[in-house]
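Please keep the sequence and the structure in view while reading.

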Amino acid sequence: MEGSPPRRKLRPPSPPGSAAQPSLDCLPSEILENIVARLGIREAVRTSAVSGAWRRRWETSPGLSFEWDRGEVDPAIVATVLARYSRPVASFRSGWVEREHSAVTDEWLVLLAGRSVESLTLGFAEFDDRRFHTIHSAMFSCRELTELLPRELPPPGRTLGLLRFPKSNHAKSLTMVNLPEHGESTLEAMISLSLLLEWLDLRSVCTDGNQMDEWVIRAPNLKHLTIESDYDYLWRVEELPSLQTATVKVDDDSTDRDFVQLLTCFAQVSMLELHLLATEDNALDGLPCSLEKLKSLTLHANFCSVSSILCIFSLLMRCPNIGVLDIEIMGSEFPQNDEIDAEFFNTLETNDLFTNLDDITLRNAPCLSNDMHFIEFVLSRVRLLSKFWVFRDDSNSLSKPSEEAVIEIAKYRRASPKSRIFFRSMEVITSYFPDSLFLILTQWSVALQKARLLHLSDEHY
């Protein structure tokens, strides 16, 4: 039609790699390496199919993360990939390795020792016959290692000459580790030769032998220590001058551990969690040191006997500056052997006790006589207290009914006018409800409590 604009011919597409349409290969090598480093190991290897120029790019790209979950990758393929990768490995974390593939991990460790691995996590599935895989001694040739989280250790005698992690300043975490007989000497040497070690986490460390030898934790730069197990495996600590936080939870009533010596080594910590075992005598009687720097204390203790209560107060009297106290009552399903009244607590020398205490939590409380007198005593002495949390053990048939406990607590005298008491069921905690009703006692007068006994407020847990 007249007056219509002339039609333009469409240009054919530019050939790949031309100036008009640059290809991915034209990007700077730093950007290409960054792209590959952001991929998981499986996806990084698959970039070989992008083009001929990309066939081997992943093999020389720095920063690849060798991490995968259980069943995601064939362990044999991992060894092939490691053999082709020519750069240092920053992090290597395997999913749970099944029994039929456990021997392949020996090849991994030999290759990783030559790849300057810095963070190493190995997980082995538990075998039905309770046998464990002993990992290859090449693990101790990983000279750049700064973080180690294995599930097994090599037997003694094979590795002592290589037991050295000079750059390990971040963490060693051993969880459900099975040591061969007398393997505690291997573990002791591994820790003591890691001169820069700052974190040590030992959980459920056991041995193949019937008995363990005594062994010592020596780590002059250790800042954070956690030991948790069902049995006491004869470890002990020497002076740890840099220690800041410590958690010791050993649930073994047969142990005769010297808790006075243990706490003397923890004198400089600011946070402490401790399982105080039930003993016939006060296990902390004569504690010579004061934990002046301690700000937060968590105790797992028994309230059934005089000796247990005395043990708690022997420690509290040596912690003048704690602001947070958390106590979980252990053995609450058993009757209280010794009935302790208010007069017993009043005879304790507690003039300088609780000076800075602001927040107290009592967990798993059956609200029996000893528990209630402890609550009454603390409320009457703590002048700066703002919150007292009481979590009642509702699963315990011996527990006092909640209403009776609340009414009794409401009568107690309080040294701090700003203190509030939160009364809650332990069952609510274990159910993980996102929102729950807290029973907040706000009145001092029993007469007012009858009219306004419980003030309900929604609080997010």
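## The largest cavity

The largest cavity has a volume of about 80 Å³, where a cavity is a set of points, on a 1 Å grid over the protein atoms alone, at which a 1.4 Å probe fits but cannot get out, and the volume is the space filled by probe spheres set on the points, which are joined across faces, edges and corners. The structure holds 3 cavities of 30 Å³ or more. This is a predicted model, in which local features need pLDDT of at least 70 and side-chain atom pairs count only at pLDDT 80 or more, while totals for chains, interfaces and linings use all residues. Residues are numbered from 1 along each chain as its sequence is written, and side-chain values use heavy atoms, with hydrogens and water left out.

The lining of the largest cavity consists of Leu 202, Arg 203, Val 205, Met 212, Trp 215, Ile 227, Glu 228, Ser 229, Tyr 233 and Trp 235, lining residues being those with an atom within 4 Å of a point. By class the lining has 7 nonpolar, 1 polar and 2 charged residues, with Ala, Val, Leu, Ile, Met, Phe, Trp, Tyr, Cys and Pro counted as nonpolar, Asp, Glu, Lys and Arg as charged, and the others, Gly among them, as polar.

## Helices α3 and α4

Helix α3 (residues 75–84) packs against helix α4 (residues 104–113) at an angle of about 15°, with the axes 9 Å apart; axes are lines fitted to C-alpha atoms, for helices over the stretch in contact, and angles run from 0 to 180 degrees between N-to-C directions. That angle makes α3 roughly parallel to α4, a description used for angles under 35 degrees.

In the contact (heavy atoms within 4.5 Å), Pro 75, Ala 76, Val 78, Ala 79, Leu 82 and Ala 83 of α3 meet Val 104, Glu 107, Trp 108, Leu 111 and Leu 112 of α4. These residues divide into 10 nonpolar, no polar and 1 charged.

## Helices α9 and α10

Helix α9 (residues 369–381) and helix α10 (residues 402–410) pack at an angle of about 30°, and their axes lie 10 Å apart. The two helices, α9 and α10, are therefore roughly parallel to each other.

Met 372, Ile 375 and Leu 379 of α9 make the contact with Ala 405, Glu 408 and Ile 409 of α10. The residues of this contact comprise 5 nonpolar, no polar and 1 charged.

How values were computed. Helix = DSSP H or I, 4+ residues; strand = E, 2+ residues; numbered from the N terminus. Parallel < 35°, antiparallel > 145°, perpendicular 65-115°, else oblique. 1 Å grid on protein atoms, 1.4 Å probe; cavity = no way out; pocket = protein on both sides within 12 Å on 5 of 7 lines; lining within 4 Å.
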